[in-house]
Amino acid sequence: MKRNSKRNGLRLAACVAAVAIACSVSASAQESHAHKTQNVILVMIDGLRWQEIFRGADPSLMRTLGPKWLGDPEKMTAAAEHDYSGGSAGKRRRELMPFLWTVVSTQGQLFGNRDLGSDAQVTNGLNFSYPGYSETLTGFADPRIDSNDAGPNPNHTVFEWLNEKPAFAGRVAAFGAWAEFDAIFNQVRCGFPVNAGYVPFTAIPPTPEIALLNKLKAETVRVWDDEPFDPIPFHTALEYMKAAHPRVLFLGLGETDDWAHQGSYAAHLDAAHRDDEYLRELWEQAQSMPEYRDKTTLIVVPDHGRGNGAQWTDHGASDPASRETWMAFLGPDTLALGERKGGPVVTESQVAATLAALLGEDYHAAVAKSGRPIEDVLGN
């Protein structure tokens, strides 16, 4: 018995040692995947197709000139052909979106290249803006949101949900070109700054830069009554980021969709290229500030896709191809898996929970009908 007791003691010691080693390995693994993201910047680029993201400019669409009031469509098209018509799809996409293909593709993840079996899409079935933005920001499609004039969003976005938490209260903001973002975020109710359309930004004491941007909103030519050109919301968001250091920041850019509806492929490509430059500026600004450096995740998605071929100018329920989207993620918790191949379909309804999970919050548990977080993006 005593010898058995000794043997049992040895076994117990071995078990304790094994458990200690296992715990140590587990702790080490957890430490290596420790949660690092403290801030998230979500940029949505309206109606930018996955084809342009992953294949670059489409040579067959280059001669879609658009209206003559743009100036000289032939000259614009010639310039676009010079700038974006590299021989291979790989070269064309790097010419069009250099930040995505030199930084995000090497340090983050991109979903939605159907040529490689990766699929991203909206689930609302309508395939246009308000339903797409609402699905992305709330985590689910709401059949009540069935037009671009749906009025104040009856649903709380993940931004509003986060702003109600002490850790994020007063540290959330949204900027967008389209005036309808006031309704999408439900500005009256949400409790954080939402600046959209031509409305001057007055949520903080004006810096000289913000004062100038407000002046430009009032004085520049308006091509669209509800939406200024993208430089206005971008630079306003950038100045707010420098001044107020929000933890959760939204930026909605719209020219890609506007110029597509006008039928100018050259202007559409120029807008996409400019938006890529804005992504680079946002990322480099974040990395230059101690509040953001190495603890910020950038998410980039559209609100819907577009038709194929000659139908590229439009989108909607009648064109199933316009449900097809793409996603890009870059940050300290997202493994550098680059351009994704195969795998399950990811949906815009998963973005809200993924954004919250990156910040250590469980939105899906709180809003059960929202899509689940995209685990690969979380480093799991």
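Analyst: Happy to. Helix H11 (residues 231-244) packs with H13 at an angle of about 5°, their axes being 11 Å apart. Axes here are lines fitted to C-alpha atoms, for helices over the stretch in contact, and angles run from 0 to 180 degrees between N-to-C directions. Helices (H or I, at least four residues) and strands (E, at least two) are DSSP runs, numbered from the N terminus.

User: What is the orientation of H11 and H13 to each other?

Analyst: H11 and H13 are roughly parallel; angles under 35 degrees count as roughly parallel, over 145 as roughly antiparallel, 65 to 115 as roughly perpendicular and the rest as oblique. On the H11 side the contact (heavy atoms within 4.5 Å) is made by Pro-231, Phe-234, His-235, Leu-238, Met-241 and Lys-242. H13 brings Tyr-278, Glu-281, Leu-282, Gln-285 and Ala-286. The residues of this contact of H11 with H13 divide into 7 nonpolar, 2 polar and 2 charged. For those classes, Ala, Val, Leu, Ile, Met, Phe, Trp, Tyr, Cys and Pro count as nonpolar, Asp, Glu, Lys and Arg as charged, and the others, Gly among them, as polar.

User: Before we go on, what am I looking at, a prediction or something else?

Analyst: It is a predicted model: local features need pLDDT of at least 70, side-chain atom pairs count only at pLDDT 80 or more, and totals for chains, interfaces and linings use all residues. Residues are numbered from 1 along each chain as its sequence is written, and side-chain values use heavy atoms, with hydrogens and water left out.

User: Thanks. Now the strands: how many residues of E6 are buried?

Analyst: In strand E6 (residues 248-253), 6 of the 6 residues are buried, so the strand is largely enclosed by the rest of the structure. Buried means under 20% relative accessible area, exposed over 50%, partly exposed in between (1.4 Å probe, protein chains only). Val-248, Phe-250 and Gly-252 cover one side of E6, and Leu-249, Leu-251 and Leu-253 the other.

User: Which strands join E6?

Analyst: Strand E1 (residues 39-45) runs parallel to E6 and is joined to it by 6 bridges, with Met-44 opposite Gly-252. Strand E4 (residues 172-176) is also parallel to E6, through 5 bridges, and Val-172 stands opposite Val-248 there. Strands pair if DSSP finds at least two bridges between them.

User: Switching to charges: how many salt bridges are there?

Analyst: The count comes to 16, a salt bridge being a side-chain nitrogen of Lys or Arg within 4 Å of a carboxyl oxygen of Asp or Glu. One of them joins Lys-165 and Glu-361, whose closest N and O atoms are 3.8 Å apart. Lys-165 lies in the loop between helix H7 (158-163) and E4, and Glu-361 in the loop between H14 and helix H15 (363-366), so the pair ties together parts 196 residues apart in sequence.

User: And what about Asp-257, buried or exposed?

Analyst: Asp-257 counts as buried at 8% relative accessibility, and Arg-306 is buried too, at 1%. Their side chains meet in a salt bridge (2.7 Å, N to O). This pair links Asp-257 in helix H12 with Arg-306 in the loop between strand E7 (296-301) and strand E8 (324-325), 49 residues apart.

User: Last one: how covered is H14?

Analyst: Mostly covered: in H14 (residues 351-358), 7 of its 8 residues are buried, including Val-351, Leu-355 and Leu-358. Just after H14, Gly-360 takes a positive phi of about 85°.
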